[in-house]
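Subject: Structure for you to look at, with notes

Dear colleague,

Here is the structure I promised to pass on, and below it you will find my notes on what the calculations turned up. Please read them with the model open beside you.

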Amino acid sequence: MSTEPRRLLPLLSSHRPGRSAVTCEYRCGNACAHPAPNTSDNSTFADVAKSVLSRRGALKATAVMSATAAGFAALSGTAAAESGVPVALAGKGGRRGERSVPGTDFTPVAPNTADAVTVPEGYDHEVVIRWGDPVLPGASRFDFHNQTAEAQSRQFGYNNDFVGLVAQDSSGWRYLMTVNHEYTTESHMFPAGTYDSANPTEEQVRIGWAAHGLSVVQVVREPRGGLRVVPSRYSRRITLNTEFEVRGPAAGSRYLTTSADPSGRSVFGTMNNCAGGVTPWGTILSGEENVNQYFANADAVTDPVEAERLRRYGFAAGESTRKWERFDKRWDIAKEPNEPNRFGWVVEIDPNDPDSTPIKHTALGRFKHEGANVKITKDGRVAVYSGDDERFEYIYKFVSNGRYKPGRSAHARRHNSRLLDDGTLYVAKFTGDSPAEEIDGSGTLPSDGEFDGTGEWIPLASGDVSHVPGMTAEEVYVFTREAADKVGATKMDRPEDIEPNPVNGRVYAALTNNSDRGMAGKGAADEANPRNGNRNGHVLEWEEKRGDAASTTFTWRLLLVCGDPAEADTYFGGFDKSQVSPISCPDNVTFDRYGNLWISTDGNALGSNDGLFSVPVDGSHRGQVKQFLTVPIGAEACGPVVIDDVVLVAVQHPGENGTPENPESHWPDGGTSPARPSIVAVWKKGKWGRSGRIGS
């Protein structure tokens with residue numbers, strides 16, 4: 001264990017930072033290698049700083065928020081942090097002599113590059129379900145060398161991301177677990193020498209279709225810890241062959257009609273489902289993200305208006321990476337120009353009704369949704385927050401007109417789902433409270449000691465009424481990015497998962513990174529995105545006026561400016577930076593029962609594997625980042641779920657830098673087996689063979 005007082009958690013260099021070229025190609029069409037689609041000249045904080053309130057005025061505006069904050073190695077893989085952990089973090093306290101915040105009382109793991117899931121001392125873990133495991137009755141046993149589309153359609157899909165648990169009993173013994181399958185990495189899904197990316201077979205393409213979507217399984221608690229999948233009538237696979245109902249104000253739009261669906265109200269499939277959320281009524285919201293990469297021949301569209309709309313969403317010329325257009329014309333924009341508009345929505349799944357038709361909600365807008373999470377307003381309406389995960393894109397909110405019906409009965413689920421079809425869609429504009437010259441792109445804190453300010457929600461559309469000059473309501477919903485451009489929304493550094501804190505009521509957003517920030521011809525640094533060449537990302541926190549999710553104004557500040565705590569351009573909520581774990585590229589967020597924020601990472605730029613971290617958000621330990629686990633080499637940590645006595649994390653694309661010929665990882669099965677994306681449960685070893693409470 002290190003005793004060096006300053007450089008406390010070494011940043012390893014044996015693993016190349018960031019994502020591999022393979023992952024970038026198959027997950028998002030290598031978006032970061034192309035110009036960011038947002039070329040609007042929307043104002044940044046630097047442009048408006050001269051007209052903002054004085055610091056005294058800003059303090060009055062943020063009084064509520066400020067007052068609140070004042071109160072504020074082997075494949076078996078279990079390993080304690082043995083080196084590189086600060087002395088003050090190695091015991092029970094965050095500082096010498098202090099107890100840790102409830103829920104975060106564990107010895108953090110050290111950065112590492114092990115091909116294993118590494119958890120704190122005193123904890124254990126196991127795989128709950130992995131790619132190819134049975135989901136539906138009669139599913140074939142996974143056979144990597146003889147996979148078929150029929151088998152895959154009944155098995156757990158590929159590249160698991162969001163994980164949601166819906167309790168089925170008051171004791172918390174039995175749950176329905178819903179998992180997104182974000183994308184497929186075909187070059188890793190077949191044995192060496194059997195997949196030609198230039199000429200995939202039709203069966204390989206159909207396997208890819210079946211490996212997308214979502215899985216629903218029933219899980220029960222194991223007394224010793226963890227969760228176990230059990231056969232159930234609720235088991236379900238949703239794939240690119242599953243019918244979805246299009247609902248909301250854009251349903252039936254002329255922009256959604258195709259030769260197969262002239263009504264514009266029925267879509268087969270969902271894809272690139274990234275993060276999501278469990279609604280208060282017990283359904284799952286899932287965001288369709290990088291859908292542009294699946295389509296071919298955008299250059300065939302010659303109408304300048306339509307061509308610009310495709311460009312704004314990143315649709316490319318020529319063939320697609322997966323060549324799906326060779327086997328179904330809907331992936332060919334030249335043949336079905338509206339099919340791309342049928343993806344990029346928030347979808348809703350009801351795991352309690354395996355016969356229900358999933359829904360695409362058009363009132364929430366169309367963009368690269370990272371996910372969607374719900375908060376109930378003070379007058380009982382529903383607010384939904386969502387980020388558009390790309391460089392220089394925006395943060396959105398939807399507020400329903402109708403009111404929430406408490407409960408999770410079938411009637412309540414149907415009623416509350418309908419709320420998402422009628423309301424107002426907003427986009428966020430952030431204003432900093434510091435002089436322009438203090439936000440210079442270096443990440444140096446301004447003189448008031450925080451990156452903070454005020455914000456407003458700009459309305460885009462309400463039902464069939466557009467609030468955007470020059471655009472109809474249906475155009476706002478289908479081409480939401482263009483609408484947000486027109487009203488001057490604030491360009492952000494890849495807004496990812498956004499979730500309200502159930503304890504303190506504030507809302508938290510992960511902004512993963514943006515290497516283009518401050519570059520020539522790109523967006524300048526501003527107070528909400530304060531670093532040029534932002535490789536490590538940051539975490540944004542805001543409070544709606546009067547704590548009401550229906551409000552149209554808010555106050556905000558950055559909780560974390562991520563990276564190596566030894567570097568000057570990082571910030572950890574004001575906590576002592578010598579006593580925190582390094583964290584890079586925040587992606588998904590969740591909360592424990594105490595209101596502590598938990599963050600999973602994607603693309604660690606500090607040379608270590610990705611992982612899961614806890615962060616108190618109030619009190620004297622606010623900003624104390626502690627690493628709870630790391631995932632295997634090449635993998636991304638997704639999900640996550642944190643309940644009293646179990647943590648779930650989705651391990652996505654393990655061994656991403658390898659190939660079938662030269663694999664980088666054999667996790668989780670070891671030997672010569674292929675790496676398999678999987679859901680992992682972690683628990684604290686308790687007395688008498690029972691699991692203990694996480695972080696206690």
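Glu348 is buried, with a relative accessible area of 3%, where buried means under 20% relative accessible area, exposed over 50% and partly exposed in between, computed with a 1.4 Å probe on protein chains only. Before going further, please note that this is a predicted model, in which local features need pLDDT of at least 70 and side-chain atom pairs count only at pLDDT 80 or more, while totals for chains, interfaces and linings use all residues. Residues are numbered from 1 along each chain as its sequence is written, and side-chain values use heavy atoms, with hydrogens and water left out.

Glu348 is found in strand S11; helices (H or I, at least four residues) and strands (E, at least two) are DSSP runs, numbered from the N terminus. The side chain of Glu348 makes a polar contact with the side chain of His361, at 2.7 Å. A polar contact here is a pair of N or O atoms within 3.5 Å; within protein, one must be able to donate a hydrogen and the other to accept it, and residues adjacent in sequence count only if both atoms are side-chain atoms. Not counting residues up to four places away in sequence, Glu348 touches a set of residues that includes Trp281, Ile284, Pro358, His361, Ser417 and Leu420, contact being heavy atoms within 4.5 Å. Glu348 and Gly276 are 72 residues apart in sequence, yet their C-alpha atoms are 9.5 Å apart in space.

Strand S11 (residues 346–349) is joined by three bridges to strand S12 (residues 359–361), and the two run antiparallel; two strands are said to pair if DSSP finds at least two bridges between them. Val346 stands opposite His361 in S12. Both strands belong to an open sheet of six strands with mixed pairing, in the order S8-S7-S12-S11-S10-S9. Its edge strands, each pairing on one side only, are S8 (266–268) and S9 (273–278). On average, neighbouring strands of this sheet are turned by 30 degrees against each other, direction ignored.

Helix H10 (residues 410–419) lies across S7 (243–247), S11 and S12, running at about 55 degrees to S7; axes are lines fitted to C-alpha atoms, for helices over the stretch in contact, and angles run from 0 to 180 degrees between N-to-C directions. The buried residues in H10 are Ala412, Arg413, Asn416, Ser417 and Leu419. They cover an arc of only 140 degrees around the axis, which puts them on the same side of H10, the arc being that of the directions from the helix axis to the C-beta atoms. What covers these buried residues includes S7, S11, S12, S14 and S16.

In helix H9 (residues 304–312), the buried residues are Arg309, Leu310 and Arg312. Seen down the axis of H9, they fall within an arc of 160 degrees, so they line one face of the helix. Their cover includes strand S15 (391–393), H11 and H12. At the start of H9, a side-chain oxygen of Asp303 reaches to within 3.1 Å of the backbone nitrogen of Val305, and the helix is followed by Gly314, whose phi is positive, near 85 degrees.

In helix H1 (residues 21–28), the buried residues are Thr23, Cys24, Tyr26, Arg27 and Cys28, and what covers them includes helix H7 (186–189), strand S30 (636–643) and strand S31 (646–652). Just after H1, Gly29 takes a positive phi of about 65 degrees.

**Nonpolar cores and a loop**

The largest nonpolar core has 67 residues, and those with the most contacts inside it are Met271, Trp331, Val384, Val427 and Leu460; such a core is a set of buried Ala, Val, Leu, Ile, Met, Phe, Trp, Tyr and Cys residues joined through side-chain atoms within 4.5 Å. A second, separate core of 25 residues includes Tyr426, Trp457, Val507 and Leu540.

Finally, Asn504 lies in the loop between strand S21 (495–500) and strand S22 (507–511), and at 16% relative accessibility it counts as buried. A polar atom of the Asn504 side chain lies 2.8 Å from the backbone nitrogen of Arg506.

With best wishes
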